[in-house]
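Subject: The structure I promised you

Hi,

Here is the structure to look at before we next talk.

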Amino acid sequence: QVQLVESGGGLAQAGDSLRLSCAASGRTFGGYAMGWFRQAPGKEREFVAAITWGDAHTYYAASVKGRFTISKDNAKNTVYLQMNSLKPEDAAVYYCAARATRLFGGLLANLDAYDSWGQGTQVTVSS
């Protein structure tokens with residue numbers, strides 16, 4: 001079982017930046033990809049970004065492309081989500097997720113592609 005712990009959420013103003021971190025640990029962690037999802041009140045959880053551990057291939061939702069950057073530190077088993085130019089509609093609980101085995105990259109936007117999930121970190125954006 002992989003344990004995922006998110007951090008870095010908080011309160012920001014529109015236009016500000018935040019960086020989220022997701023530290024992974026657990027049994028023989030060496031998975032295939034990590035993803036970030038978010039869920040706003042009353043809405044479904046949605047894909048934000050994903051990155052593969054091996055070749056660092058990245059994927060983004062259209063709503064965040066150009067503003068958010070996903071990156072990783074293999075030595076620390078940590079994935080980051082740099083969020084710039086925040087908008088009120090970015091406010092949500094942000095979750096990181098891990099997938100252990102290889103998958104066609106386009107499918108990494110799907111919730112059910114992931115084996116493990118973190119508890120989430122709240123991001124609030126005021127206008």
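Two notes on how to read everything here. This is a predicted model, so local features need pLDDT of at least 70 and side-chain atom pairs count only at pLDDT 80 or more, while totals for chains, interfaces and linings use all residues. Residues are numbered from 1 along each chain as its sequence is written, and side-chain values use heavy atoms, with hydrogens and water left out.

The whole chain

How many helices and strands are there? The protein chain has zero helices and 11 strands, so the run of elements from the N terminus reads β-β-β-β-β-β-β-β-β-β-β. Along the principal axes, the C-alpha atoms fill a box of roughly 40 × 25 × 25 Å. The radius of gyration (taken over C-alpha atoms) can be checked against a globule rule, 2.2 Å times the number of residues to the power 0.38. For 127 residues, a compact globule would come out near 14 Å, and the protein chain has 14 Å, so the two agree.

Next, burial. Buried means under 20% relative accessible area, exposed means over 50%, and partly exposed is in between (1.4 Å probe, protein chains only). Of the 127 residues, 43% count as buried. A contact means heavy atoms within 4.5 Å. Among contacts between residues at least 6 apart in sequence, 57% join residues at least 24 apart.

Is Y95 buried or exposed? Y95 counts as buried because its relative accessibility is 13%. Not counting residues up to four places away in sequence, Y95 touches E6, G35, W36, F37, Q39, R45, W117, G118, Q119 and G120. T124 is 29 residues from Y95 in sequence, and their C-alpha atoms are 14 Å apart in space.

T78 is in strand β8, residues 78–83. With a relative accessibility of 8%, T78 counts as buried too. Leaving out residues up to four places away in sequence, T78 touches S21, C22, A23, W53, S71, K72 and D73. The side chain of T78 reaches the backbone oxygen of K76 at 2.9 Å.

Which side chains does R38 make polar contacts with? One is E46, at 2.7 Å between the side chains, and another is Y94, whose side chain is in polar contact with that of R38 at 2.9 Å. R38 belongs to strand β4 and counts as buried, because its relative accessibility is 5%. Its contacts, apart from neighbours within four places in sequence, include E44, V48, F68, D90 and V93.

A40 lies in the loop between β4 (33–39) and β5 (46–52). Apart from neighbours within four places in sequence, A40 is in contact with A91 and A92. The C-alpha atoms of A40 and E89 are separated by 8.6 Å, although these residues are 49 apart along the chain.

A56 is in the loop between β5 and β6 (58–60). Its phi is near 55°, a positive value in a residue other than glycine. A56 counts as partly exposed, because its relative accessibility is 37%.

S85 is in the loop between β8 and β9. S85 also has a positive phi, about 50°, although it is not a glycine. At 42% relative accessibility, S85 counts as partly exposed.

G26 is partly exposed, with a relative accessible area of 39%. Setting aside neighbours within four places in sequence, G26 is in contact with Q1 and Q3. G26 and A62 are 36 residues apart along the chain, and their C-alpha atoms are separated by 32 Å.

Notes: Helix = DSSP H or I, 4+ residues; strand = E, 2+ residues; numbered from the N terminus. Polar contact = N/O pair within 3.5 Å; in protein donor to acceptor, adjacent residues only side chain to side chain.
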